[in-house]
Every structure is written in structure tokens, then in C-alpha cells.
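Please consult the sequence and coordinates below alongside the text.

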Amino acid sequence: MQNTVLTMQNIYKSFPGVRALHNVDFTLREGEIHALMGENGAGKSTLIKVLTGVYAKDAGEIYMKGTGKPVHIKSPQEAQRLGISTVYQEITLCPNLTVAENLFIGRTDDLFVDWKKYNSRAERILGGLKIPTKPTKQLSNCSIAVQQMVAIARAVDMDCKVLILDEPTSSLDEQEVAKLFTLMRELKGRGVGIIFVTHFLDQVYEVCDKITVLRNGELVGEYQIKDLPRVELVAKMMGKELGDLAEIHNEAQPSIMNSKEAIIEAEELTSTSGIKPFNFASHKGEVTGFAGLLGSGRSECVRAIYGADKVLKGKLRIKGENVNITTPIKAMKKGIGYLSEDRKRDGIIGDLSVRENIILALQVMRGFFRPFTKTQAQAFADEYISLLGIKTASADTPISSLSGGNQQKVILARWLLTHPDYLILDEPTRGIDIGTKVEIQKLVLKLASEGMSITFISSEIEEMLRTCSRLIVMRDLHVVGELKGDDMTQDKIMYTIAGGSNSK
Amino acid sequence: MTRNNNKLDTDRFASVLKALSRHRMFIPIAFLAFLLLINVFINPSFLRVSLGRDSTGSPVLIGNLINILNNATELVILTIGMTLVTASSRGQDISIGATVSIVGGVIMRVLCGNETQPTQLHAPILVALLLGCLAGIACGAFNGILVSKFNIQPMVATLILFTAGRSIGSMAMGGLKPKAAASFGYYGNFIPGFPVPTPILITIGAIVVTLFALKRTNLSLYTRAVGINDKASSLNGLNPALIKFLTFVILGLCVGIAGFVQSSRVQTVNPYTIVPSIEMDVILAVALGGNSLGGGKFNMTGSIVGAYTIQTLTSMLTTLNVNTNAVPVFKAVIIIILVAIQTPMLKSLFVKKVTLSNLTAGAGKERG
């Protein structure tokens, strides 16, 4: 039995209105690579932040190897002293310094620094970990992967016992990932316990020993990698039992599903976001969906169609006509609307009023020199405030003071006002109350029955099954399958995501 | 009875005051009024405007108020452009003093050619105005490209012309210091026979055009949207870089007009001393108007009131015979106070104090 290096027991953490962690246990042993898995909002990052002292836990105990009593980690510095180091997806080193300077900055006690000494020490560390760079090279001249490795080397040299890698592979290509894995195995051999947070399933199965799955702030379980087939991992992350045939009845099978009039056809489309070339079509009156885990490329597909990311290759046809969409305004003028995934960052314009947020897209399409009069704008705002039941003090209220669900309705109103032929809804129901969710789903079905072509993306699989008539399944930036009709079951989706065969 | 009435009055007064003091225009306007009041206190005839005659015998309006309105012209026009730049780019253009110098240099060269004391103008004034505005727009476009295309912080990007502009102005005049014929002076002084200083008319024109543009185009909506959230704006079909660029070009046009008025005032330009440190006064005017220098929402009327406030302050210090060298210190102190009371923290404290003191005053009367 290996030595336990870190034990977290009965951890609780709440934020106002949100139960982020509820009775979570986590155990890490020496020389173990342990994947921490979960969908959005599962509590992964909260757990990491509790462990690194960014958040104070509400209850529970943390034990480190060698300390008999529970430790209280109050700051990231304290975590570091205890031997817990974190390497984030974004490099948190100084790009304008050399590799050696980055390795030792803030850790030298001497008044005068003998860089010769440190450079040779750095050489030894880099050599020992087989990191292909020189101590005197400026960090910004190294590849992202090497920068990440330098960050890891710094952590390891600071005598770390627990190394947390938070999505380290998101911006690396395949070869770089392979190098990083070599380094991780090297560290594992030295007895470092590694917590690996990622959303790439393949990588988990390639490098990890154990998996802890969280969902909705609760512990689902800890598993040996060999005991947990992929499809079961997917099921556990999504909170579904395999073979759970309590089918959600698809009340949505629209009568006009057999419409053959394609609104959007994408052929081998690919963009700067790294999405692999994909084919896609959406017909009049059809609700299509992109299913997949977080980061699988769902949003990237629709962003390529909308021109939000730069399209590199591929063809796009709208109602049979070849189009070249390079910017969102071109997409809007061709009748496409896009409700973006991150409402706060990409959707609302915080300090503008509800009215201005509603008319924005239509106003931009109408042109700079043709502003709506205040009366017209107010009429549009009033119409959609009552149509969608937006709860706001007045149309003059800044959108930022509305609740999440109402903000989302305002953005929805913005796009409905443009009367698009094809509407993309990327996570329209995230972070909003259940009542509003149902309203939005109903609205989607109503719009489709009126002939609009809609793409509906959601992390909640039931929602997709309830609203979509066809699902595109994605994994690791690839389209890996398409399901429709009777094939649209949770099991099929999970098998497809996990990379098993389509036919069970 | 009287007591009750008194109490009611104080209550009403307190609530009105509270509502007023919450209005975003309250502090700019209150401060302008306060300054004017001090001036009236010092010099009871401060507000008097009279009709006099100038040296040629033409009727002209005379008075402190006229002087303030007249001298504020460049400040007001530049503030209009700066407000838009601040809102869209979340930063300020510090090169405007130097670019006014470039505009002045271009205008003098066009009007005087290579002579130092030409007896007549070398080109029609309209041509000089157009070329001056073109020079201003070119400077604005240069700054705009650096900010919008290369994503350089506005203050850093405009540091280039801030440093080089006055020398460029001197070079534009071929190193000479020419004085243009007197007829060029109409635009910075008086049109013979018309008693209102021409710069005041130009300011009114600029304000009217601005308010019209804000009402009849989407300049305001686009500028605010881009300043608040450029990611979301671009997903809604806007081109944030283009809009930021456009606001810099508008400021460039403002620089062109301000440079024209300024060089017409004495019909000559000293490129190294023309409009000294005006960029700071302009930025302060924007801040005084209740605008966040961090961009986003803006309040054009507030900015314009802010510009007049600063001009009133400058005039006041001059009439008080404050040593010219000490004027900036006084200005600085007053501005610190002014900006400080507009910070949200002190603002809420201030509002509380005002209402509290009114309430206690009311209560005191009750007891009495």
C-alpha cells in the first residue's frame, strides 16, 4: 500500500445561493496521477481552490503527510509551504525573464544573486526532468509546452509533494502533450502526487491511475482507472445510470421534421479555434443539437458558422447559396442569430439599458445613420418584455441589475427581434432557474414549429433530448457521430461520446 | 402650525436635495454655480454684459461672462472629442495640445507661404481651414490606428505625437514665425460689425452638430457598447476597432477646428507654447462631467459643463491676481477636492451628511 500524501475529508463550501461542495472526500497517494473529473459546475475548481488556500472551506479537514493534525491552509503561499503547488492553464510566470530567473525568482534569500550558480542549478533541474530548453533562454521564446514544463519544474524544485495541474493540456498540440506526459511520469517515479484536471477523456486514460468524479458539488466516487470503462465515466459525470431506460419521452418530434429545405449546410468547415473540419446541416423547422462534454467543440462549431472565429477552410451554404461569412454582421444579414455561450462576457452589455440591449442587433443591421427613435425602440422593448415575461423595473434599467434568467431572456429577445431564419442558442439555459429553463425550451419548440431552424446546445442531456430532433455528437474537437429518431437515447449518446460503437 | 409647516418644508427640502444630489449632473452644475457665485461675491458686476466699442469703432459685447464663453471655445470643442475617445477606447488622448500645434503650423504655412509678414493671405481661409482639419484628422487617424489596430494603450500611443507634435508644428511653418493678415483674425475675435465673439458662435455650432449627431446617428449607442463590452459588441455585428478609430478621427476633427480658432486669435502661432497643457484641462473636463475615465457610458452635456467649469476656474484665478506661476497649484487643489467628492465612497458619505445635517437642523428648530 502506498503512502497517503493528502487526505481531504467531508469538505463543505457554499457561496451565497450556491452549494459548491457538499461532503466531498479526496485522497491522493505518493506517486499517483489522479484525475479529477466533472462537468461544468461540478466543483472541481472549488475543490482545488480550497486546497490551495484561495477559498476558506466551511467545514471539513485536510491532512498532509507528516502532520498528525489537520492543516489550515489560509493562503496560496501557505499551501506552497506545505508542498502543494499548482500549475494553471494560463502560464503564470514572467515571459520577459529567462528560464533560470523564472525558476528561482522570489526564492533567493541572498542579497546579491550569483546567476552563474543559479544557471548551473537550473541546468541540473532541466536536465533531470529532460526539459528541452536552456536556462538562459528567455521564457517567451520557448513553446507553450516548455513554458508549462518550466512552471512544473519550478513547483517540483520547491519541494512539492502535491502537484495540481489545472487543464494544462488545453493549449498544447499532440506532441507537446506527449512530452508533458513523459514529465508527469518522471515526477510520478519520484513520488510526487499529481492531481490532473482535464476534460480530455483520452488523456485521462493514457496517463492517470485513478479518477475521482464530482457532480453538482458532490462526490460521485473514486475509481481505479482499469475498473471504470469510458462509457461509465461519461455516465457518472453526467449523472446517468447506464441502461437507465427511463426514457424521456420526446414530445418534440415535430411534424415538419421531414422538411428537406436546408437552411444551413456546412462542408468541411474549420476555424482558428482548432475545431476539426466538420459537416453539418440544419433544415427548416428543425431543432438540431450539439452534444458532448465540456470543451469537446460544441461552441466552436457554431462559432465557425456564425463567423465569430476566423474560418480557415470549408464551405457554407445558406438556403442553397454559397456564402462567405467572415464577420458576425455578414451572418446576421444572411439571417443567422447567435446567442453566445458566456452570457456575461459575450452576451450582455452590462451598463446599457434593457431597451438598448434588446434593440442592439437589429439596430446594427439597420445601420449607423438610421437609429430607431426612442418611441420605436420602446415599442420593441415593451413587446418583448411582455412576450417573454422579462422581469425588470423598466426598459431603462441597466441589464446588469437583472437576474441571470432575465438577462438571458433579454438576449433572446435581441435575436428574436431580428427574425432570423437560423437561430443558434449556445447554452441558453445555463445558470438560470428551472422555470425559465422550461419556458425557453417551450419557446424553442414553438419557434421551430413556425418554421425557424434552430440549433440548441446544452450541457444537460435531458434538455437536448426533449428539444432536439437530431443530435451531432462531439468528442475532443471532432464530430464523432450523429443520432436521430429512436437512436436518441442517453445510452447511445454516452457510448458515442466515450468512443464506443454506435450500435450498442 | 408653523412648526409643523417648518418641519414639512425641511423634510421636503431634504428629500429634494437628496434626489438632486444623486443626479449625475448635480456636482458639475453645482460646482459651476458655486464658482460663479464666488465670482459675483468678489466682484458684484461680474455677470454684467455691456455693449462697447473696439479700437475700430465696431460694437462688441464686453464682460467677464463673455470672456469665459469666448476663451472656453478650444476647451469645449476638444472635450467633445475626448469624451467619445474616452468612452470607446477606455483611455485618453494626451497628444491634443501638440496636434493643435501641428494644425496651427499647417494653417499658418498655407496662409503665409514662406513670408513672415505677408500683407495679404496666400490662400483663401476656407482652404486653410480644410487643410487644418485634414491635418487634425490625419493625427487622429494615426493615433486611432495605433489604438484600435495595434491595441496600444491610448495614453502610450498618443505619447508619440505628444512628444513630436510641437516640433512637427514648427517644421510645418518652415521654422518661421509668420503673422497672417488681419482679416484672418475674424474667426478668433470679431467679425466687424457683429458684437458676439466669433469663437462663441463656433462653439454653439459645434455643440449643436454634436447633439444632432448623437441624436440622429448611432454614434452614442455604438461608442458605449464598444466601451462597455467589445467582445459582446463584435458578436452583435459591430466592428469595435473601426468604432474606436472613428472616435479618434472625430477628436482629430475637433483638434482641427480648435487649432483654427486658436491661431486666428492672434494670427500667429508659437508651436511650442500654443495651448499649453490643454490636454490635462480637457481630460479633467471629461472627469468633472461625471464620466468614468475607464470608458463605457458617457454624458456629453456633463463634459461640456465640465469644460466651462474649468474655464471659469482659470479666469477666476487670473482675476484674483493669483501669481501666474501659482495658478496650477490652486487649480490642482480645487480639482483634487472636486474629483474626490465624486468618488462613489465620498459621494455616498456626502449625501448622507447633507440629509443628516438637514434633519438635525430641522429637529433643532423643532425644539427651539
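## Backbone geometry at B:Arg90

B:Arg90 lies in the loop between helix 4 and helix 5 of chain B; helices (H or I, at least four residues) and strands (E, at least two) are DSSP runs, numbered from the N terminus. The phi of B:Arg90 is positive, about 55°, although the residue is not a glycine. Most residues other than glycine have a negative phi. B:Arg90 counts as buried, with 20 C-beta neighbours inside 10 Å. A residue is buried if 20 or more other C-beta atoms lie within 10 Å of its own, exposed if 12 or fewer, and partly exposed in between, with C-beta atoms placed from the backbone.

## Basis of the model

This is a predicted model, in which local features need pLDDT of at least 70 and side-chain atom pairs count only at pLDDT 80 or more, while totals for chains, interfaces and linings use all residues. Residues are numbered from 1 along each chain as its sequence is written, and chains are lettered from A and ligands numbered from 1 in the order in which they are written.

For chain A, the average pLDDT (the predictor's confidence in each residue, from 0 to 100) is 85, and 93% of the residues score at least 70. Residues 244-256 of chain A have pLDDT below 50, and this stretch has 19 contacts in the model beyond near neighbours in sequence. Two residues are in contact if their C-beta atoms, placed from the backbone, lie within 7 Å. Where pLDDT is low, the predicted coordinates should not be read in detail.

## Overall organisation of chain B

Chain B contains 15 helices and 2 strands. Of its 368 residues, 44% are buried. Among contacts in chain B between residues at least 6 apart in sequence, 77% join residues at least 24 apart.

## Buried helices of chain B

Helix 13 of chain B (residues 300-319) has 20 residues and reaches 29 Å from its first C-alpha to its last, close to the 28 Å expected at 1.5 Å a residue; the expected span is 1.5 Å times one less than the number of residues. Because 14 of its 20 residues are buried, helix 13 of chain B is largely enclosed by the rest of the structure. Just after helix 13 of chain B, B:Asn321 takes a positive phi of about 60°.

In helix 3 of chain B (residues 64-71), the residues B:Asn64, B:Ile68, B:Leu69 and B:Asn70 are buried. Their cover includes helix 4, helix 8 (198-216) and helix 13 of chain B.

B:Gly105 belongs to helix 5 of chain B (residues 96-112) and counts as buried, having 27 C-beta neighbours inside 10 Å. Leaving aside residues up to four places away in sequence, B:Gly105 touches B:Gly169, B:Ser170, B:Ala172, B:Met173, B:Val269 and B:Pro271. A separation of 10 Å is found between the C-alpha atoms of B:Gly105 and B:Gly165, which are 60 residues apart along the chain.

## Helix packing

Two packed helices are described by the angle between their axes and the distance between the axes. Here, axes are lines fitted to C-alpha atoms, for helices over the stretch in contact, and angles run from 0 to 180 degrees between N-to-C directions. Helix 4 (residues 73-89) and helix 9 of chain B pack at about 40°, with their axes 6 Å apart. These two helices of chain B are therefore oblique to each other; angles under 35 degrees count as roughly parallel, over 145 as roughly antiparallel, 65 to 115 as roughly perpendicular and the rest as oblique. The contact involves B:Leu84, B:Ala87 and B:Ser88 of helix 4 and B:Thr223, B:Arg224, B:Val226 and B:Gly227 of helix 9 of chain B.

In chain A, the axes of helix 12 (residues 354-366) and helix 13 (residues 374-387) come within 9 Å and cross at roughly 95°. Helix 12 and helix 13 of chain A are therefore roughly perpendicular to each other. Among the residues making this contact are A:Ile358 and A:Ile359 of helix 12 and A:Phe380 and A:Tyr384 of helix 13 of chain A.

## Contact between the chains

The contact takes 23 residues from chain A and 18 residues from chain B. On the side of chain B that touches chain A, helix 9 (219-228) and helix 10 (230-235) of chain B are the elements that give two or more residues. Helix 10 of chain B gives the most, with 5 residues.
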